Amino acid sequence: MRSKRIIAATLLAGLVSGLFASGTAEAGERHRPDHDGTHAVFVQTNKPSGNTIVVYDREKDGDLRRVREVRTGGLGGATLGPPVDALASQGSLIFQNDLLFAVNAGSNTVTLFRVKGDRLERLQVIGSGGLLPVSIAVREDLVYVLNAGGAGAVQGYRLEKNKRLVPITGAHRSLGLNNTNPPAFATSPAQVGISPDGHFVLVSTKTLNIIFTFAIGRSGQLARQPIANTDEGGPFGFTFDTRGKLVVSETTANAATRFRLLPNGRLAQIGPSVPNGQTASCWIQRVGRFFYVANAGTSTISSYTIDSRGNLVLLAAVAAATGGGSIDMTTSGGFLYVQNAAAGNVQGYKVNRNGS
């Protein structure tokens, strides 16, 4: 990958927690461009004294220009003993259809913004339905929030036409974890997501080695008991490929693994786990047919793809060396942006046709 210039974000080292961009769409979602054609990259600072979103304009060549910092109306928070990322999670900041969703881990709330180009209009701050919210999943009018504190819980919301979140009856489900509040970073759940077909909510749990799947009912309610799928590699971040298969980054094995999500909510592994030889492989981002894994311990990005036989393969153990503790990524317009917690910056890369 060809590195773009580093843009200092004036963030607090170890406190940054989320990165997302407008101007791109995930698989299965229809993207509506920003009203004025501006593409923006958003960084959540997770400051304990007052959480904020730093906003950058993305130029055509991928360069970023910082334009403003906006308060969420909530407080940042942290798990116990995190080495670089305070929330130890993926998906704490989500953009979809001109709306931006952010967790406020320190005040147990979620903030909803309307995005107008590179401007944010705060629409709502609502309770997260639990303790220490760390991740959000959005699909059409359904929103699910992962709370990491204590027993852990998923809370579901309906996004109304007036752009307000309303809790869904029967969509609050405990994970039954034996954690404190705040939990230790290694045992706290890492990400909540929704399957491409909209049938399941998934939750990864890192060193607990479980990926939970909850069936979604007609009105957005969740099954009372989830399916507990074992992943001995330590599942952290996950995404889906163009065929709807689950691709998981594993922080214990420092690897990536691909799964088929069966109609009953169980996961069937496709081929072996593919290690990358790096340290603390946690976050994963898909750009077209390529997958990029952020390795916080070695400050590197590893690249993967699916070969002609349908197997997950490693392209480069070190596709990029970022420096400063790589913890999160987003994509916009064929560019990959990496958030470096220890260095307090965002690093941009152009993704070439061969994935380099």
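This is a predicted model: local features need pLDDT of at least 70, side-chain atom pairs count only at pLDDT 80 or more; totals for chains, interfaces and linings use all residues.
**Strands and how they pair**

- An open sheet is built from four strands in the order β15-β16-β17-β18, and the pairing in this sheet is antiparallel. Strands β15 (191-194) and β18 (227-230) stand at the edges with a single partner strand each, so one side of each is left without a neighbour in the sheet. From one strand to the next, the twist averages 20°.
- Within that order, strand β16 (residues 200-204) is joined to strand β17 (residues 210-215) by five bridges, and the two run antiparallel. Val203 stands opposite Phe212, which belongs to β17.
- Strand β5 (residues 52-58) and strand β6 (residues 64-71) also run antiparallel, and seven bridges join them. These two strands form a hairpin with five residues between them, and Gly62, which sits in the turn, has a positive phi of about 95°. Val54 has its bridge partner in β6, namely Glu69.
- As a general point to keep in mind when looking at such strands, side chains in a regular strand alternate between the two faces of the sheet.

**A network around Glu69**

- Glu69, the bridge partner of Val54, also takes part in a network of salt bridges that links Lys47, Arg66 and Glu69.
- Lys47 is placed in the loop between β4 (40-44) and β5, and its side chain makes a polar contact of 2.8 Å with the side chain of Glu69.
- Lys47 has a relative accessibility of 19%, and because buried means under 20%, Lys47 counts as buried.

**Salt bridges between pairs of residues**

- The side chains of Arg114 and Glu121 meet in a salt bridge, with 3.2 Å from N to O. Arg114 counts as partly exposed at 26% relative accessibility, and Glu121 is partly exposed as well, with a relative accessible area of 34%.
- A salt bridge also brings together the side chains of Asp141 and Arg158, at 2.9 Å from N to O. This pair links distant parts of the chain, since Asp141 is in the loop between β11 (133-139) and β12 (142-147), while Arg158 is in strand β13 (residues 153-159), 17 residues apart. Asp141 is partly exposed at 30% relative accessibility, and Arg158 is partly exposed at 21%.
- Arg258 forms a salt bridge with Asp241, and the closest N and O atoms of this pair are 2.8 Å apart. Arg258 lies in strand β21 (residues 255-261) and Asp241 in the loop between β19 (235-240) and β20 (246-250), so the pair ties together parts that are 17 residues apart in sequence. Both Arg258 and Asp241 are buried.

- In soluble globular proteins, nonpolar side chains tend to be buried together.

**His172 and its surroundings**

- His172 lies in strand β14 (residues 165-174), and with a relative accessible area of 37% His172 is partly exposed.
- Not counting residues up to four places away in sequence, His172 touches Gly129, Ala153, Val154 and Gln155.
- His172 and Gly129 are 43 residues apart in sequence, and their C-alpha atoms are 7.4 Å apart in space. A polar atom of the His172 side chain lies 2.8 Å from the backbone oxygen of Gly129.

Key:
Residues are numbered from 1 along each chain as its sequence is written. Side-chain values use heavy atoms; hydrogens and water are left out. Buried means under 20% relative accessible area, exposed over 50%, partly exposed in between (1.4 Å probe, protein chains only). Contact means heavy atoms within 4.5 Å. A polar contact is a pair of N or O atoms within 3.5 Å; within protein, one must be able to donate a hydrogen and the other to accept it, and residues adjacent in sequence count only if both atoms are side-chain atoms. Two strands pair if DSSP finds at least two bridges between them. Axes are lines fitted to C-alpha atoms, for helices over the stretch in contact, and angles run from 0 to 180 degrees between N-to-C directions. A salt bridge is a side-chain nitrogen of Lys or Arg within 4 Å of a carboxyl oxygen of Asp or Glu.
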